[in-house]
Protein chains: 4
Amino acid sequence: MKLQFGMVGGGNGAFIGNVHRKGAQMDDLAELTAGCFSRNMEKNRETAEAWNVKDPSRVYSSWKEMADREAQKENGIDFVVIVTPTNTHYEIAKYYLEAGFHVVCDKPIALTAKEGTELKHIAEKNDLLFGVTYTYASYAVIRQAREMIEAGKIGQILKIEAEYPQDWVLKDAALNPDASSVWRLDPKQAGPSACCADIGTHLEALIKQMTGLHPKRVLARLNHIKGSILEHDLDAFLEFENQIPGHIWASQVAAGNDCGVKIRVFGDQGSLEWAHQRQMELRYSPLTQPTQILLANNLYNYDACREQCRLPVGHPEGFHEAFGNIYRGYCLHLLEKKTGESAGDFRYPTIDDGIAGLRFVDACLKSDAGGNIWVEVE
Amino acid sequence: MKLQFGMVGGGNGAFIGNVHRKGAQMDDLAELTAGCFSRNMEKNRETAEAWNVKDPSRVYSSWKEMADREAQKENGIDFVVIVTPTNTHYEIAKYYLEAGFHVVCDKPIALTAKEGTELKHIAEKNDLLFGVTYTYASYAVIRQAREMIEAGKIGQILKIEAEYPQDWVLKDAALNPDASSVWRLDPKQAGPSACCADIGTHLEALIKQMTGLHPKRVLARLNHIKGSILEHDLDAFLEFENQIPGHIWASQVAAGNDCGVKIRVFGDQGSLEWAHQRQMELRYSPLTQPTQILLANNLYNYDACREQCRLPVGHPEGFHEAFGNIYRGYCLHLLEKKTGESAGDFRYPTIDDGIAGLRFVDACLKSDAGGNIWVEVE
Amino acid sequence: MKLQFGMVGGGNGAFIGNVHRKGAQMDDLAELTAGCFSRNMEKNRETAEAWNVKDPSRVYSSWKEMADREAQKENGIDFVVIVTPTNTHYEIAKYYLEAGFHVVCDKPIALTAKEGTELKHIAEKNDLLFGVTYTYASYAVIRQAREMIEAGKIGQILKIEAEYPQDWVLKDAALNPDASSVWRLDPKQAGPSACCADIGTHLEALIKQMTGLHPKRVLARLNHIKGSILEHDLDAFLEFENQIPGHIWASQVAAGNDCGVKIRVFGDQGSLEWAHQRQMELRYSPLTQPTQILLANNLYNYDACREQCRLPVGHPEGFHEAFGNIYRGYCLHLLEKKTGESAGDFRYPTIDDGIAGLRFVDACLKSDAGGNIWVEVE
Amino acid sequence: MKLQFGMVGGGNGAFIGNVHRKGAQMDDLAELTAGCFSRNMEKNRETAEAWNVKDPSRVYSSWKEMADREAQKENGIDFVVIVTPTNTHYEIAKYYLEAGFHVVCDKPIALTAKEGTELKHIAEKNDLLFGVTYTYASYAVIRQAREMIEAGKIGQILKIEAEYPQDWVLKDAALNPDASSVWRLDPKQAGPSACCADIGTHLEALIKQMTGLHPKRVLARLNHIKGSILEHDLDAFLEFENQIPGHIWASQVAAGNDCGVKIRVFGDQGSLEWAHQRQMELRYSPLTQPTQILLANNLYNYDACREQCRLPVGHPEGFHEAFGNIYRGYCLHLLEKKTGESAGDFRYPTIDDGIAGLRFVDACLKSDAGGNIWVEVE
């Protein structure tokens with residue numbers, strides 16, 4: 001049995017729509033059969049053709065029409081993938097949930113935690129799945145790390161350090177000096193947060209996937225480079241349950257970094273380290289013993305990690321496959337739901353993670369506005 | 001316009017068939033529309049369903065039938081992908097070429113250089129494309145390296161060093177001690193070469209793609225571990241045009257290595273280094289200046305490199321995408337052929353590279369048999 | 001002309017006394033000719049013999065005696081090296097300064113900034129040099145980084161990130177479970193700070209040497225692992241002149257790390273990165289260009305860097321040589337002072353850096369005690 | 001008890017004399033008390049003063065005089081260190097051995113294996129120690145590797161791969177284009193081999209120290225870049241006892257490399273890897289398990305490794321300390337000899353290793369001259 005899905009957005013040249021499509025289809029658990037890829041009908045049709053949506057009648061001119069018409073079909077789509085601009089996520093997701101569709105939505109799922117919570121309630125009421133695409137949290141070795149932590153390999157967690165440096169804001173300004181500089185973006189359009197909402201949330205989700213912990217309190221400092229209204233650099237102290245301390249750093253102005261996500265979890269019996277630049281590797285340092293380099297698709301890993309690998313050991317898998325892991329988990333869950341048969345072991349970021357991200361941003365903004373004070377993540 | 005292709009083999013659980021399919025479809029230039037995936041008709045149909053071959057009448061019970069029937073169709077497949085065991089490549093490829101189909105074949109393309117050359121002549125006579133899937137040679141930064149060499153960035157080439165260590169033969173023996181040990185395989189079944197044919201050829205092709213050079217002469221030493229009949233480790237001195245020296249090492253018994261391909265090209269003005277473990281990176285050392293780390297999808301690279309990247313800088317692409325690059329080049333060439341319009345800049349390994357690989361293996365075996373003597377690569 | 005120096009402490013088996021001796025003598029600018037290495041006269045004499053103090057009359061039973069007697073000599077020591085426990089530094093340094101000797105003192109130079117300032121005033125009044133041995137700040141490439149920053153290679157500094165993870169507190173507890181656990185040390189003996197005073201100060205000094213910047217304000221969080229009285233992990237937000245933001249992390253409970261000092265300085269035109277694990281390398285990322293790896297003793301570096309290298313490029317120098325660089329600078333300064341002739345270009349950490357470290361610790365403790373509030377570094 | 005030594009050569013600005021002095025004195029087992037550092041008496045005295053040779057009467061105007069006069073002293077030097085140009089080693093070493101002095105000599109110890117063997121016989125006849133300074137073989141972790149191999153950690157050795165790329169010949173030509181190019185050096189002055197004698201021998205010695213194996217047979221290929229008479233690049237197949245195969249590559253024209261020594265030893269149960277660029281690390285890959293990174297001075301290492309470390313874990317030691325390890329072993333041996341008391345566990349390269357290096361060069365030259373044929377290493 002293969003699931004069907006539709007897509008809203010994705011057809012305007014941005015790379016991320018195609019990444020969703022490839023991820024969703026990667027393990028042949030689902031197939032793109034409908035879409036409203038663009039408001040420009042020509043682009044819409046071109047995208048449909050390129051992406052093998054065979055039935056022209058399922059290429060819709062509006063996302064509402066797709067929801068309405070697919071809902072009426074006997075054999076319509078099972079879930080919808082929403083890859084439109086952030087400020088439209090809430091409206092679209094709500095409509096599809098109310099129409100009875102399972103949803104996968106790009107992050108952030110909404111503009112506020114309040115909206116996110118509302119979506120969650122609708123999904124729960126209608127017994128629908130809601131997946132959120134936190135990619136870095138979904139590399140196969142992150143699951144290995146989680147299993148190791150749960151098995152006690154590093155003992156009690158003492159400290160978490162995570163970082164996500166990029167430099168695109170600087171690069172963009174350097175390469176397009178005449179364009180309206182990105183860091184002076186109007187917050188009315190961009191929302192109240194740049195760096196924290198865009199990439200700080202990835203770190204929050206990554207910590208959660210790797211350790212199971214969400215921060216209870218934050219003390220954040222938003223750094224505004226060169227007088228920009230929005231922040232492009234962020235440090236935050238975190239406090240998890242049992243007063244476990246943590247710290248994250250995210251930056252869009254860290255020259256020489258592209259997607260430099262890194263996380264280190266320190267326990268009283270050892271530590272684990274993962275860096276996106278070597279995405280297949282997990283470094284494990286058992287206290288008093290040599291550091292070990294675990295490779296994602298090696299036999300010594302837990303099944304839950306290896307099941308997310310598609311190639312023999314030594315063959316690199318990358319960002320597309322991390323996306324695939326999200327959709328793999330989501331589709332297995334949905335298939336289990338539809339068939340009643342166990343689909344095995346799977347995890348993927350859900351609306352709870354999406355809401356947690358929104359709350360995290362809120363708390364960071366409040367902390368900074370208050371002069372870098374401790375704020376509860378509600 | 002989207003090309004159609006069929007596949008012979010690939011449906012028996014081996015990962016490589018799926019890698020071909022994903023590679024061929026990656027950039028939406030081609031679509032799998034026919035296949036004879038297995039002689040087991042149930043597996044054949046399951047594979048077809050999983051892989052979205054919609055028309056059941058195009059799932060064939062024999063590869064000959066597929067060739068015959070698709071040839072008769074007005075809108076049949078444009079090319080065939082052959083992923084069967086090596087000893088069947090020649091027969092199948094020949095049949096398809098004679099039926100007028102373009103071909104992509106897994107390496108090695110045949111058992112002997114003679115067979116390969118015959119295939120080449122048929123392809124040329126019928127004006128057909130013949131692609132060969134040398135993956136490591138097809139990572140995006142290899143193209144960057146080639147462009148840099150052609151632009152004189154490292155000056156005159158002085159030396160080439162390449163290596164490909166694996167350890168699967170040892171691992172397999174350790175994990176399956178009761179199984180008939182792989183390294184005592186009967187050469188009657190496996191052919192006259194293990195390590196050289198399987199992975200030595202990858203190095204030969206990688207050198208060619210990166211530098212444009214094929215070895216003229218070799219002096220090879222085949223190492224037979226623990227009395228196995230076939231070699232599982234190989235060192236070879238190479239000599240290229242203008243007496244440029246080179247050396248390769250390939251091994252299937254190098255504990256701690258999985259797919260550790262690495263190449264270093266040294267010129268009188270600088271050097272280039274690529275290692276599969278960091279597949280997105282190219283190291284460039286201009287003489288007397290600091291070593292530079294070039295990332296595949298960064299803006300400072302040549303267009304010919306960047307066109308083979310599908311994600312923004314910092315997002316890793318891996319083995320699947322390297323396969324995608326081969327098929328991208330092949331499909332662009334085929335589309336150019338069919339439409340008469342230029343499809344831009346592309347390169348991919350062809351039957352010439354396939355034949356060169358076979359000749360290389362022959363020369364290595366002859367050199368070793370002769371007591372490690374210099375042998376011309378004919 | 002070769003300087004003479006005496007040493008107070010160092011003879012009781014701790015490695016650091018010997019490191020000072022080797023550092024001070026490394027470039028043949030100074031010679032150990034007197035000492036009071038231990039209150040145990042046998043150890044004192046043994047150390048003197050091992051360390052080539054030839055004249056038995058200059059092996060003193062008390063440091064006061066050494067000061068008094070060497071001061072009376074026509075050809076007595078030029079400077080004294082103080083490597084006793086921290087709580088004795090102030091008294092000894094004061095005595096020697098008042099006796100007219102130049103001083104090198106291990107860090108921290110005193111228990112309070114007030115004491116440090118008093119020492120500074122005495123040194124200034126008597127026109128004496130006071131060096132402080134911040135080692136990590138003294139690797140040759142740190143000087144290269146400083147020169148590059150001053151030359152504008154990374155533009156305006158936007159952010160500084162530095163870290164120093166160790167794991168010895170955990171390791172010690174694991175290997176010596178019955179010993180009184182180090183992290184429950186009595187602050188009455190150890191002073192009010194563990195991690196911040198011991199290694200946080202190294203980061204403060206490293207930032208200063210690399211960028212010229214001292215923090216103006218700090219917001220610190222001291223993490224007390226497992227109920228220990230003293231902190232063993234520290235995060236601090238820093239603010240430098242022109243509101244430049246920074247962050248440091250120091251930890252003594254970060255399993256898998258030994259001496260993992262790392263600093264990254266981000267500017268609007270590029271960044272610089274140095275990590276102690278690869279002490280000879282400086283990573284330079286010019287914005288929009290490939291990252292470069294500069295090696296300490298290569299010809300392309302500034303003279304001020306290369307002068308601190310003693311071996312041809314490719315030969316690693318380590319911790320001993322970093323100590324040597326401090327003493328090289330100190331001795332060149334002292335020789336210049338004594339001879340009136342320019343001794344070239346040199347820098348080394350002085351009492352100002354020592355005082356800055358003490359003030360930094362005070363500010364961090366105050367910030368944490370106040371509930372993680374911003375505190376001026378006075 | 002502290003040994004006394006004299007030095008012949010070293011005072012003419014070349015760095016290596018000072019490296020010997022520092023190495024010999026590093027662990028306070030020996031002291032430089034005599035020397036004939038230069039034929040230029042002014043340089044000779046300056047060097048003596050800088051290097052703390054206190055007694056002017058022991059600064060000699062000829063090395064013969066030093067031998068004669070020190071031999072007559074009741075309390076003369078125990079050993080001599082010879083750091084003169086290679087073509088003088090034999091004559092000087094012979095004279096000192098015949099005068100009854102223990103010897104340490106820079107490599108190569110002579111121009112021919114015949115000369116080396118003669119020196120060995122004199123040393124044996126007179127019961128004298130003869131140390132040879134193969135530095136790369138003397139890093140602390142190489143001893144760790146040796147102990148691990150002897151303990152069976154990697155099982156039976158299957159293959160050895162070692163390399164030593166440099167680029168100074170190219171760099172020198174680029175930076176000094178008008179100078180007589182080094183690679184066209186007259187072999188009458190330089191001897192019959194450049195790359196093989198200078199750095200190939202280091203690989204031979206490194207393999208020996210790490211594994212205990214000397215090659216029995218070689219098949220070498222000397223590469224002459226750009227028409228130079230002497231070779232500047234070398235590949236050689238090696239055969240050790242039990243037909244164990246090996247390969248080395250050495251080059252002086254490998255742009256981007258400085259002192260890039262690397263060795264990998266592959267066994268049927270695991271492998272070990274060491275690279276000079278990360279001189280404190282040993283990589284250990286137990287078959288089917290994750291690769292481990294061992295740090296030289298960590299507690300989990302064998303005592304024989306840790307005894308060669310002088311600093312706590314995490315503090316890098318480099319080239320000077322590797323030299324120190326040679327002298328430490330040599331001095332401990334000499335002290336044991338003089339006192340009759342066991343000095344513990346030590347190893348250092350001896351005249352046997354020096355002779356082995358000369359025989360290795362002879363065999364490589366013979367192999368290449370014969371058209372790359374197998375030649376016994378006699």
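Predicted model: local features only at pLDDT ≥ 70, side-chain atom pairs only at ≥ 80, totals over all residues.
Good morning, colleagues. I shall begin with the contact between chain C and chain A. Chain C contributes 43 residues to this contact, and chain A contributes 44 residues. Together the two chains bury about 3,200 Å². Carbon and sulfur atoms account for 63% of that area.

What of the polar and charged pairs? Between chain C and chain A there are 6 salt bridges by the rule applied here. One of them can be located on the structure above: the side chain of A:Asp233 meets that of C:Lys159, with an N to O distance of 2.6 Å. The interface of chain C and chain A also holds 17 residue pairs in polar contact, counting pairs in which both residues have pLDDT 80 or more.

Which elements of chain C supply the side that touches chain A? At least two residues each come from the strands β6 (157-165), β7 (217-223), β8 (233-239), β9 (245-251), β10 (262-267) and β11 (270-275) of chain C, and likewise from the helix α7 (168-175). The largest share belongs to β8(C), with 6 residues. Sorted by class, this side of chain C comprises 17 nonpolar, 13 polar and 13 charged residues.

I turn now to the symmetry of this pair.

Chain A is superposed on chain D, with an RMSD of 0.0 Å, by a rotation of 180° and 0.0 Å of shift along the axis. The C-alpha of chain A nearest this axis is that of A:Gln292, which lies 2.2 Å from it. Here too the same surface serves both copies, with 100% of the contact residues of chain A recurring in chain D.

How many residues does each chain bring to this contact? Chain A brings 9 residues and chain D brings 9 residues. The buried area between chain A and chain D is about 770 Å², and carbon and sulfur atoms give 64% of it.

Between chain A and chain D the count of salt bridges is 0. There are 2 residue pairs in polar contact, with both residues at pLDDT 80 or more. Strand β13 (residues 291-295) of chain A gives the largest share of the side that touches chain D, namely 4 residues. By class, that side of chain A consists of 4 nonpolar, 4 polar and 1 charged residues.

Finally, I should like to consider a helix in chain B. Helix α12 (residues 351-369) of chain B has 19 residues, so at 1.5 Å a residue it should span 27 Å. The C-alpha atoms at its ends are 27 Å apart, which agrees with that expectation. After α12(B) comes B:Gly371, whose phi is positive, near 90°.

That concludes the presentation. Thank you.

Methods. Residues numbered from 1 in each chain as written. Chains lettered and ligands numbered in written order. Heavy atoms only, no water. Contact = heavy atoms within 4.5 Å. Buried area = accessible area lost by both parts, 1.4 Å probe. Salt bridge = Lys/Arg side-chain N within 4 Å of Asp/Glu carboxyl O. Polar contact = N/O pair within 3.5 Å; in protein donor to acceptor, adjacent residues only side chain to side chain. Nonpolar A, V, L, I, M, F, W, Y, C, P; charged D, E, K, R; others polar. Expected span 1.5 Å × (residues − 1). Least-squares fit on C-alpha atoms with pLDDT ≥ 70 in both.
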